[in-house]
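Subject: Structure handover

Hi there,

Here is the structure I promised to pass on to you. Have a look at it first, and then read on for what turned up in it.

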Amino acid sequence: MARRGAGTPFLLQLSLLLLLCPGGTLSCASVAVGSPVVPLGSAVTATCTIQSELCHGLEQGKVQISWMLDNKPVAGSQRQGPGGTEVSNLTLPQFNHTQARLWCCVEWNGTKQRVGMAEIRAGYPPAKPLNLSCILNLGDYGLTCQWEQGENSHLPTSVTLKCAGSRTQVVTGCTPQSGHSHCTVPRRLLQLYREMEIWVSVTNALGTAESEHLCIDPMDVAKLDPPTLKSIQSIPFQTNCVALAWDMAQGTEHMELQCELRYRAPEDTAWSLVTGIVSRAGTAQHCGFLFGTQYHFQMRCRRSSALAYWSEWSPARNYTTHEKAPTAKLDTWWGAQPARAGGWLEVQLRWKAPQRYEANGRVLGYRVTLSPKKRGRDPPTVCNTTHTQCNFSVPMGTRRVYLSVYNAAGESAATEVVLLERKGQPPAGLWAVSRDKSSLWVHWEAPLAPVAAYVLEWQRVTSEPGHCSACWQMERDGAATTALIHYGIEPFQRYNISLYPLYKDAVGIPIHTTAYSQQKAPSHAPKLHLRRISKSEAELCWDSLPVEIQNGFITSYTIFWANSIADVASATVNPSLSSFVIRGLKPSTLYKVHIMASTVAGGTNGTSLTLVTTVLDDTEIQFLFLTLALVFLLLILLLICFQKNERMKEQLWPSVPDPANSSLGKWMPAALPQEPLLVLAAREPGPAAISTVTVLEGTPRKLPGKEPSTLPNVPTVLPRPYVRQEGPGGPVQYARVGGAGYRGQRLLPEPVPRFYENLRGRGDGGEDWGVPEEPPATFPLLQGLRIGGADELHECRAD
């Protein structure tokens, strides 16, 4: 029903309440349907009648009738009925709801109001119950019946168990609880030892269904209590037979019963069943038991009727049959080689344990002798063990030994073992395939020579040496070309298989193969190692995987490498290799490398190895170091040469004479009168006091073709000194200037020179130095220029 907004007037709300309240306008409408329960998918008809004069509060005018199926509007037809009524008819051609409500609505104040309703259900007729069966409980003599329900009818259904006797009417035996399909008929409604008819009846609004009628005597379907095994014992004269005795359940002594006996040994997976035992005797005998074997025995009984139910199995009773001397002829296999000590032969003898039916009891041990047992005396024994193999030494030339097995009841006849030489022809071919994860089929090609038997041997391949003494079997059919190995085979493990042909007088050379019963991807991939690397290549190596984690035959190794910009490359390597060289790498680049080991069942990736290529190759690095070494050696040789060659040293580092230690300095006068000398200094124009000046004139140079002229009366031109004033009143350095100088010598900057007149020198002897008759061709050398006080002397060397 639609609701008006918050602003609806109060009177309209009151009228709506009056329309919907009990005794209001609902009594003015009635809804009728053709049938409230219809088959699912069939048509439905309905009629809604509105009496307008009884619908107070409706708007004046024609009444508008509409229909809704649950919350979905459906269309119907409307007409005016007798007595001022409004009638609307509705037809639904296909009703697909199991349960729905059909509403009749009228228009009131612009909204649809529900004024009438009819509920309709749809479904199917009840299904027939199946597999009715009943069991009589001897405790309270109630008959419990059960059945299988049919398909759901989607309608309310009533289920009852009906029963009727030969002289009684049909009665309701019991009604099951909701959702259950079994119930129990009480003893008061049953007729024991008389035939009764029992069936299940199911009813709903669309019909009734019944199960098949079961005609039984309730005692025929009684479930008896199990018997009790009282004793079990062996019959001495019939060595493989036992006698059993039992007691019947209480209350069944007067009944004709059938019983069954079952037994098995602890190693057996299935029970052996003995049928047709008559219960009245209380005893039974049965043969075919193995000697010295423990058995579990159980027994059950039922009435002699096709409909009778077996009792539960009695509690198990254990019994061990008596033993007998073994009757086994053992399968043997041997290996022989000369001992280190001469004259003896070392033999390794293996044999198969006897079957249970051959052992005739619990095996206590095995005995190996050099001759068969003779009446009255025992032969020499070389081995007595409880295992299925023995190593012993016999004299050289021994060709036969004898093996026997014994238990508490006696010893078997000896099995002759002929120590044949291994020199026969091998089989032409051998291969093995998997049958399942715990067995292998072995096929071979028979050799040309006739074969008496074959010995098939297999050993699990492990990293540590091991040996399975029982992993072999003998095929006594010399014409056979196939055999099944089902002992000691595990999935994902490798086995070495060998086949030996046995000839009449020799053992053939074996042929070998390897096989897996089931393969999968390796447990781990090998670990990569870097052997060498250059700017464009990297050599990788790895160790072989232990065979235990290979999980199959390695078909290939795949190397993957990628740099930082995701350039991925790969290469597949033969499984026989253990190294690989990656070529075409970029210099000075980081790479991630990993390896994947693969079998036919999949592959496994290993951990990544990070490597960085070099900038130079090994040859380039060697060439670079060789070049540097040659350069360094050359430098050392040059230094040695410079050190030893004085001429070269003089050219590069010339020696500058020390004026203080010259010969002229030794005969220079000790003191000279100071005379004023005006010198233009670069820094200060003031006059400087010159204490002593010594001038050494150079030899005049003659010009070619000309004779030197004499100038007797011309004043002598004195050499111009080079003076540098360091400061006012301070000392002035002096320099010695040679006439010719030396190459590359730098001259001090100098002012424009002046001539000094009347400059004379005095030697040590007080003699005056005259002016030379010819002017020198070069500037004279200043040997002992001293400026300032007589006690101050400074040396200056050419830069």
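**Salt bridges**

The side chains of R476 and D331 meet in a salt bridge, with N and O 2.0 Å apart. R476 sits in the loop between β38 (472-475) and β39, while D331 belongs to the loop between β25 (317-320) and β26 (332-338), so this pair ties together parts that are 145 residues apart in sequence. R476 counts as partly exposed, because its relative accessibility is 49%. Please keep in mind that this is a predicted model. Searching the whole structure gives 19 salt bridges.

Another of these pairs joins E457 and R350, whose side chains meet at 2.6 Å, N to O. Here strands are involved: E457 lies in β37 (residues 453-460) and R350 in β27 (residues 344-351), so parts that are 107 residues apart in sequence are tied together. Are the two partners buried or exposed? E457 counts as buried at 11% relative accessibility, and R350 is buried too, with a relative accessible area of 4%.

**A sheet and its charged network**

Next, please turn to the open sheet of 3 strands, which has the order β43-β44-β47 and antiparallel pairing. Its edge strands are β43 (528-533) and β47 (579-583), each of which pairs on one side only. On average, neighbouring strands of this sheet are turned by 25° against each other, direction ignored. How many bridges join β43 to β44? There are 5, and β44 covers residues 537-542. One example to look up is H529, whose bridge partner in β44 is C541. In general, strands of a sheet pair through backbone hydrogen bonds, either parallel or antiparallel.

A salt bridge also links R532 with E539, the closest N and O atoms being 2.9 Å apart. R532 counts as partly exposed at 37% relative accessibility, whereas E539 is buried, with a relative accessible area of 13%. This pair is part of a network in which salt bridges that share partners join R531, R532, E537, E539 and R583.

**Nonpolar cores**

Which residues have the most contacts inside the largest nonpolar core? They are L136, L143, L161, I198, I277 and F297, in a core of 42 residues. In soluble globular proteins, nonpolar side chains tend to be buried together.

**Two backbone angles**

Finally, here are two loop residues to look at. N360 has a phi near 55°, a positive value in a residue other than glycine. N360 lies in the loop between α2 (356-359) and β28 (365-369). Is N360 buried or exposed? With a relative accessible area of 4%, N360 is buried, because buried means under 20%.

F492 also has a positive phi, near 70°, and is a residue other than glycine. You will find F492 in the loop between β39 (482-485) and β40 (494-502).

Notes:
Residues are numbered from 1 along each chain as its sequence is written. This is a predicted model: local features need pLDDT of at least 70, side-chain atom pairs count only at pLDDT 80 or more; totals for chains, interfaces and linings use all residues. Side-chain values use heavy atoms; hydrogens and water are left out. Two strands pair if DSSP finds at least two bridges between them. Helices (H or I, at least four residues) and strands (E, at least two) are DSSP runs, numbered from the N terminus. Axes are lines fitted to C-alpha atoms, for helices over the stretch in contact, and angles run from 0 to 180 degrees between N-to-C directions. Buried means under 20% relative accessible area, exposed over 50%, partly exposed in between (1.4 Å probe, protein chains only). A nonpolar core is a set of buried Ala, Val, Leu, Ile, Met, Phe, Trp, Tyr and Cys residues joined through side-chain atoms within 4.5 Å. A salt bridge is a side-chain nitrogen of Lys or Arg within 4 Å of a carboxyl oxygen of Asp or Glu.
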